[in-house]
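Have a look at the picture before you read on.

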There are 2 protein chains.
Amino acid sequence: MHSTIKDLALCFKLILMDIQNTQSQMRKGVLEFCILSIIQQGEVYPSDIVEKMKLANLHILEGTLYPLLTRLKNAGLLNYRWVESISGPPRKYFVMTDEGKAAFGILLQTWKEMVTAVDQLTSPTTNITEPTTEVVS
Amino acid sequence: MHSTIKDLALCFKLILMDIQNTQSQMRKGVLEFCILSIIQQGEVYPSDIVEKMKLANLHILEGTLYPLLTRLKNAGLLNYRWVESISGPPRKYFVMTDEGKAAFGILLQTWKEMVTAVDQLTSPTTNITEPTTEVVS
DNA sequence: TATAATATATTGTAAATCAATGTATTATAT
DNA sequence: ATATAATACATTGATTTACAATATATTATA
């Protein structure tokens, strides 16, 4: 039970790592939902999505985005069309299908319900039920 | 371009699978945050956590929970103590460390910021910026 | 004594993100 | 005319993680 500076530094590092990990998990969880949300609001190509996500502090890399868009396209939620660019190679502009819009509606409801659930879990005032054995330290 | 009943059924199935997958991702993203939130509100043992999560419609399995608790304990956010039970084997009651409480405070802020960001992404009314090339079909 | 219920814990599999890299096209500088 | 830079789509390998199934141990009950 002798804490050296090294012990404290290690402890701090581990906690910081876990915080960053948990933050990362949170953001990952809503990636697909956010991307559908962005596309639902208008035709965009991948770099648009990366930029909009970055503005929302929800960074996504191309290695994540391209397979995801392909998956959503194969699932029937998205479609794309090629558009020539004046400053580089042609772009793949993505739009939502009718099925995609329907799916997004469901996911929007899921998101709202989850936020409500998490907020209730998080706020101690609503903790009416008392199933735990309260033991004072 | 001839849609049979089979085609439609496959299409529906794929969309349903993606919806469920996205819902699952959302829930996964907040698992660790919710578990910290539950423990922060009082001493609990794993089955308590499973039950509280189930009530919030955020199901978690034991195979997920035990490694997660071990990770949080090793990171210094949690501690536990054994408590004898009158109806089975002894239970591991988990409590938060001071470091854990500090970490939770940061994560709570992250959660709130993320909800704000996602809600803004989701609401089309705030879509003031117009970087996309609007092309009518 | 055997079975059921409770509780902690591990293992193997599948899915997803990330970092790094690859390929191709267009504009710009030399 | 050629080389470089910028833009854009795309893939690969490694790591992480949640899940399903299963294992181990303890207590109560039939």
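Let's start inside chain B: helix 1 of chain B passes helix 4 of chain B in a left-handed crossing. (Left-handed means the near helix is turned anticlockwise from the far one by less than a right angle, and right-handed means clockwise; helices are DSSP runs of H or I with at least four residues, strands are E runs of at least two, and both are numbered from the N terminus.)

Bear in mind that this is a predicted model, where local features need pLDDT of at least 70, side-chain atom pairs count only at pLDDT 80 or more, and totals for chains, interfaces and linings use all residues. Residues are numbered from 1 along each chain as its sequence is written, while chains are lettered from A and ligands numbered from 1 in the order in which they are written.

**Helix 1 against helix 4 in chain B**

- These two helices of chain B, helix 1 and helix 4, pack at an angle of about 130 degrees, with axes 10 Å apart. (Axes are lines fitted to C-alpha atoms, for helices over the stretch in contact, and angles run from 0 to 180 degrees between N-to-C directions.)
- That angle makes helix 1 of chain B oblique to helix 4 of chain B. (Under 35 degrees counts as roughly parallel, over 145 as roughly antiparallel, 65 to 115 as roughly perpendicular, and the rest as oblique.)
- On the helix 1 side, the contact uses Phe33(B), Leu36(B), Ser37(B) and Gln40(B), and on the helix 4 side Gly100(B), Lys101(B), Phe104(B), Leu107(B) and Trp111(B). (Contact means that the C-beta atoms of two residues, placed from the backbone, lie within 7 Å.)
- Sorted by class, this contact of helix 1 with helix 4 in chain B has 5 nonpolar, 3 polar and 1 charged residues. (Ala, Val, Leu, Ile, Met, Phe, Trp, Tyr, Cys and Pro count as nonpolar, Asp, Glu, Lys and Arg as charged, and the others, Gly among them, as polar.)

**Where the two chains meet**

- Chain B puts 49 residues into the contact and chain A puts in 50.
- On the chain B side, the elements giving two or more residues are helix 1 (5–40) and helix 4 (98–122).
- Helix 1 of chain B has the largest share of that side, with 18 residues.
- The chain B side splits into 28 nonpolar, 14 polar and 7 charged residues.
- The copies meet through the same surface, because 100% of the interface residues of chain B are also interface residues in chain A.

**Helix 1 meets helix 1**

- Helix 1 of chain A and helix 1 of chain B pack at about 165 degrees, with axes 8 Å apart, and they are therefore roughly antiparallel to each other.
- Their crossing is left-handed.
- Among the residues that meet here are Met26(A), Gly29(A) and Phe33(A) from chain A, and Met26(B), Gly29(B) and Phe33(B) from chain B.
- By class, this helix 1 pair brings together 6 nonpolar, 6 polar and 4 charged residues.

**Around the DNA**

- DNA strand D is surrounded by 27 residues, and the closest are Pro46(A), Gly63(A), Gly63(B), Thr64(B) and Pro89(B). (A residue is near a strand if its C-beta atom, placed from the backbone, lies within 6 Å of it.)
- The surface near DNA strand D has 11 nonpolar, 11 polar and 5 charged residues.
- DNA strand C has 28 residues around it, and Gly63(A), Thr64(A), Pro46(B), Gly63(B) and Gly88(B) come nearest.
- Helix 3 of chain A gives the most to the surface near DNA strand C, with 5 residues.
- That surface near DNA strand C has 12 nonpolar, 10 polar and 6 charged residues.
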